[in-house]
Amino acid sequence: MNLLALDSRWQRLNDPTYACKCCGRSFGGLVDMGFGQPDCWPHGALTDGDTLTVGDDVLTADLCVFDDLRFVHCVVPLPIRGSDEVFLFGVWASLSLEDFKAYVLDATGEKTGFAGAAAWLMNDLPLFENDEPLECSLKPAESDAERPRLMATSGPLAQAQAEGISFDQLLEIYAACGEDLRPHLMG
Ligand SMILES: [Zn+2]
């Protein structure tokens with residue numbers, strides 16, 4: 001069996017009928033978390049529109065062009081140890097211009113067969129802080145409904161992606177992203 005099934009906080013997170021005594025919140029599973037833009041994007045968040053354009057710079061929900069840099073919205077998969085669940089952390093990765101063009105052509109329906117590319121993580125992830133963009137590998141999405149996956153090539157993030165993170169680390173990540181669920185899982 002999955003060891004986390006024994007953790008009452010995990011049971012409450014995944015039970016759609018659970019309601020927090022203090023505020024009534026219920027979760028019914030893992031909460032999605034992520035960044036709306038690369039950390040270096042200077043023009044603010046995408047709000048109600050589909051596209052934020054400032055001069056030649058462009059931000060959409062999927063792509064970002066800033067100066068001579070090109071980014072795609074992707075996810076860092078982090079398996080949760082003791083469960084079958086994988087937390088998908090929404091992030092932005094920079095690609096070379098050539099790889100970005102190949103990615104966009106493939107993503108916009110021409111299906112040119114984008115097979116992945118070297119990429120750099122452009123957000124500072126809680127628990128995995130980096131002083132510089134982290135070298136990664138971008139893997140194509142497994143279906144149209146999914147985002148491409150970003151896999152670190154070395155270091156603590158690569159280790160976490162291979163071995164998983166603990167439920168407590170997941171709750172720490174949530175808290176660092178402004179969603180501290182810990183008080184709401186006390187039963
Ligand atoms: Zn509460």
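**Figure 1. Order of the elements along the protein chain.** Read along the sequence, the protein chain of this predicted model runs in the order α-β-β-β-β-β-β-α-β-β-β-α-α. Along the principal axes, the C-alpha atoms occupy a box of roughly 50 × 35 × 35 Å.

**Figure 2. The hairpin of strand 2 and strand 3.** Strand 2 covers residues 51–54 and strand 3 covers residues 57–60; the two pair in the antiparallel sense over four bridges. V54 is placed opposite D57 in strand 3. Two residues lie between the strands of this hairpin, and G55 adopts a positive phi near 60°.

**Figure 3. The largest nonpolar core.** This core comprises 37 residues, and those with the most contacts inside it are V91, A93, C136 and L150. Of the 187 residues in the protein chain, 26% count as buried.

**Figure 4. The surroundings of A93.** A93 is one of the residues with the most contacts inside the largest nonpolar core. When neighbours within four places in sequence are set aside, the contacts of A93 are F71, V72, C74, A119, W120, L121, M122, C136, L138 and L150. For the protein chain, 52% of the contacts with a separation of 6 or more join residues 24 or more positions apart.

Terms used
Residues are numbered from 1 along each chain as its sequence is written. This is a predicted model: local features need pLDDT of at least 70, side-chain atom pairs count only at pLDDT 80 or more; totals for chains, interfaces and linings use all residues. A residue is buried if 20 or more other C-beta atoms lie within 10 Å of its own, exposed if 12 or fewer, and partly exposed in between; C-beta atoms are placed from the backbone. Two residues are in contact if their C-beta atoms, placed from the backbone, lie within 7 Å. Two strands pair if DSSP finds at least two bridges between them. A nonpolar core is a set of buried Ala, Val, Leu, Ile, Met, Phe, Trp, Tyr and Cys residues joined through C-beta atoms within 7 Å.
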